[in-house]
Amino acid sequence: MRFLAVDDEKIMLNKLIGVLKSVRPEAEILQFTWADDALRAAKERHIDAAFLDIQMGGMTGLQLAAHLKKIQPKMHIIFITGHHGYALDAFKIRATGYLLKPVSEEAVRRELTFIYEETESQSRIRVKTFGGFDIFVEGSMVKFNRTKAKELLAFLVDRRGLSVTTGEAYAALFEDYENTRSGKAYFRTILHEMIKALKQADAEEILLIEHNSFAVVPERFDCDFYRFLEGDPIAVNLYQNDYMPAYSWAEVRNAELGFRAL
């Protein structure tokens with residue numbers, strides 16, 4: 001892992017570096033007293049998390065964070081300041097954390113645990129919707145023989161546990177097709193392929209199937225979309241106006257998420 005630490009006060013920067021090294025001795029730490037130097041480093045190397053003093057001469061930490069996010073949108077930003085007054089502005093930039101000076105090992109450990117260990121301890125089944133739709137079981141991606149079978153699961157995930165009828169799912173996946181007998185037969189094939197893929201991956205537990213309706217069980221898997229709705233800062237940080245971009249029916253939901261993220 002690689003951290004970026006920026007503070008125009010050398011003494012405070014050294015204290016921060018000491019805390020980071022104590023908490024995560026294996027991490028590579030890039031330290032700067034000038035914001036422009038930090039920006040150049042971010043253009044050249046991947047950064048996992050940036051620890052930024054807010055009150056700096058010249059470019060402020062808030063301004064620096066905005067530039068860093070443009071370079072590396074998924075970078076975690078943790079602001080460090082001596083005042084509470086910047087909290088609202090900080091979270092408008094989708095900051096992951098907000099620490100008050102003097103920074104303690106306990107506070108930094110808490111933020112890094114939230115970023116790393118919470119992610120590492122995700123449930124056995126994980127669903128990703130930002131940047132594209134995929135489902136993982138114990139870290140391995142589930143394979144689907146038909147793209148529409150995968151899209152059907154994506155549609156169910158979007159419904160967040162609400163039951164979907166065959167007609168509703170058919171209309172969403174086949175906007176330009178008539179609900180014909182052959183179309184219904186093809187849909188049954190898609191449904192069968194979705195169930196088959198989940199069973200082969202030992203993930204059928206996330207499905208609830210009843211007569212002519214089916215749904216996912218949100219409590220049985222981790223999902224970035226669901227965590228975003230709960231206000232989880234890591235999920236909010238991951239969203240880049242890219243909710244299931246391959247599916248036209250997801251465009252309205254993406255607009256809703258974009259409005260929430262403002």
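Modeller: Happy to! Let's begin at a strand pairing: Thr165 has Ser213, in strand 11, as its bridge partner. Keep in mind that this is a predicted model. Strand 9 and strand 11 run antiparallel and are joined by two bridges. They belong to an open sheet of three strands in the order 9-11-10, with antiparallel pairing. Strand 9 (164-165) and strand 10 are the edge strands, each pairing on one side only.

Now for the part I'd like you to look at: helix 8 packs on this sheet, where it touches strand 10 and strand 11, and its direction makes about 140° with that of strand 10. Helix 8 covers residues 181-200; at 1.5 Å a residue, its 20 residues should span 28 Å, and the end C-alpha atoms are 29 Å apart, so the two values agree. After the helix comes Asp202, with a positive phi near 60°.

Which residues of helix 8 are buried? They are Gly183, Phe187, Ile190, Leu191, Glu193, Met194, Ile195, Ala197 and Leu198. Their cover includes strand 10 (207-210) and strand 11 (213-216) from the sheet, along with strand 7 (134-137), helix 6 (147-159) and helix 7 (166-173).

As for Val157, its contacts beyond four places away in sequence include Val127, Phe133, Val216 and Met244.

How values were computed. Residues numbered from 1 in each chain as written. Predicted model: local features only at pLDDT ≥ 70, side-chain atom pairs only at ≥ 80, totals over all residues. Heavy atoms only, no water. Helix = DSSP H or I, 4+ residues; strand = E, 2+ residues; numbered from the N terminus. Expected span 1.5 Å × (residues − 1). Buried < 20%, exposed > 50% of the residue type's maximum accessible area, 1.4 Å probe, protein only. Contact = heavy atoms within 4.5 Å. Pairing = 2+ DSSP bridges. Axes fitted to C-alpha atoms, helices over the stretch in contact; angles between N-to-C directions.
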